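Reader: Please present the model, and then let us discuss its elements, contacts and pocket in turn.

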Amino acid sequence: MTQKGYVPDRIDRRLIALLLDNARATAFTLAEAIGRSATAVARRQRALEDAGIITGYAARLDLARLGCETTVHIKVTLESQRIDVLDAFETAIAASPSVVRCELMSGSYDYLVTVRARDLADFAHIHRDELSRLPGVTQMESGFVLREVVAPRLPLSLLE
């Protein structure tokens with residue numbers, strides 16, 4: 001159930017799976033794959049958007065072809081879990097232009113930050129100019145991605 005009470009059925013879940021594969025698919029193409037009319041599919045898609053299940057459409061980019069070949073995951077530990085420390089860090093990290101993802105974690109460190117850089121030298125600049133200036137940080141541990149094995153995706157079993 002969603003916040004507006006809309007519960008996707010089997011056809012909605014199929015529509016979501018198709019849109020995850022190709023968000024630019026036309027209503028006609030989607031309708032052929034689902035076995036419904038284009039009007040019915042467009043109506044369902046609009047309902048999923050109105051319910052907040054579909055929140056937007058985005059292009060998938062090959063960041064390496066754009067010159068951002070290095071992905072770095074950084075485990076960040078803060079000086080404390082006080083709300084002012086968390087808020088100051090989150091405000092600063094959100095303004096950091098090289099950060100592509102930041103998640104508050106449970107466990108032995110506080111945040112997992114993902115950075116994209118052109119190369120190792122570029123990451124050194126990012127570390128010096130952006131990451132080392134973050135407030136409240138007591139420790140950072142960086143790990144460099146050698147190869148992506150599974151690209152970000154939604155497990156389709158969650159739609160069942």
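The questions and answers below concern the structure shown above.

Author: This is a predicted model, in which local features need pLDDT of at least 70 and side-chain atom pairs count only at pLDDT 80 or more, while totals for chains, interfaces and linings use all residues. Residues are numbered from 1 along each chain as its sequence is written, and side-chain values use heavy atoms, with hydrogens and water left out.

Reader: How far apart do the C-alpha centres of domain 1 and domain 2 lie?
Author: The bounds come from an automatic or database domain assignment. Domain 1 takes in 10-51 and domain 2 takes in 63-145. Their C-alpha centres are separated by 37 Å.

Reader: Is strand β1 mostly covered or mostly uncovered, and how many of its residues are buried?
Author: Strands here are DSSP runs of E with at least two residues, and helices are runs of H or I with at least four, numbered from the N terminus. A residue counts as buried under 20% relative accessible area, exposed over 50%, and partly exposed in between (1.4 Å probe, protein chains only). Strand β1, residues 70-78, is mostly covered, and the number of buried residues among its nine is seven.

Reader: Which residue in β4 is the bridge partner of Val72?
Author: Two strands pair if DSSP finds at least two bridges between them. β1 runs antiparallel to β3 (residues 111-117), with seven bridges, and Ile74 stands opposite Val113 there. β1 is also antiparallel to β4 (residues 137-144), again through seven bridges. In β4, the partner of Val72 is Phe144.

Reader: Why are Arg46 and Asp50 separated by about one helical turn?
Author: The two residues form a salt bridge, with their closest N and O atoms 3.1 Å apart; the term requires a side-chain nitrogen of Lys or Arg within 4 Å of a carboxyl oxygen of Asp or Glu. Arg46 is exposed at 52% relative accessibility, whereas Asp50 is partly exposed at 41%. The separation is about one helical turn because both belong to helix α3 (residues 38-50), where their spacing is four residues.

Reader: How many salt bridges does the count come to?
Author: One of them joins Arg65 and Asp62 at 3.1 Å, N to O; Arg65 is exposed at 73% and Asp62 partly exposed at 40%. Another links Asp84 with Arg82 at 3.0 Å. Salt bridges with shared partners also connect Asp9, Asp12 and Arg44 in one network. The count comes to eight.

Reader: Which element gives the most to the lining of the largest pocket?
Author: A pocket is an open set of points on a 1 Å grid over the protein atoms alone where a 1.4 Å probe fits, with protein on both sides within 12 Å along at least five of seven lines, and lining residues have an atom within 4 Å of a point. The largest has a volume of about 1,600 Å³, and of its 38 lining residues the closest to the centre are Arg60, Glu148, Ala151, Pro152 and Arg153. At least two lining residues each come from α1 (10-21), β1, β2 (99-104) and β3. With five residues, the element that gives the most is α1.

Note on methods
Grid points are joined across faces, edges and corners, and a volume is the space filled by probe spheres set on the points.
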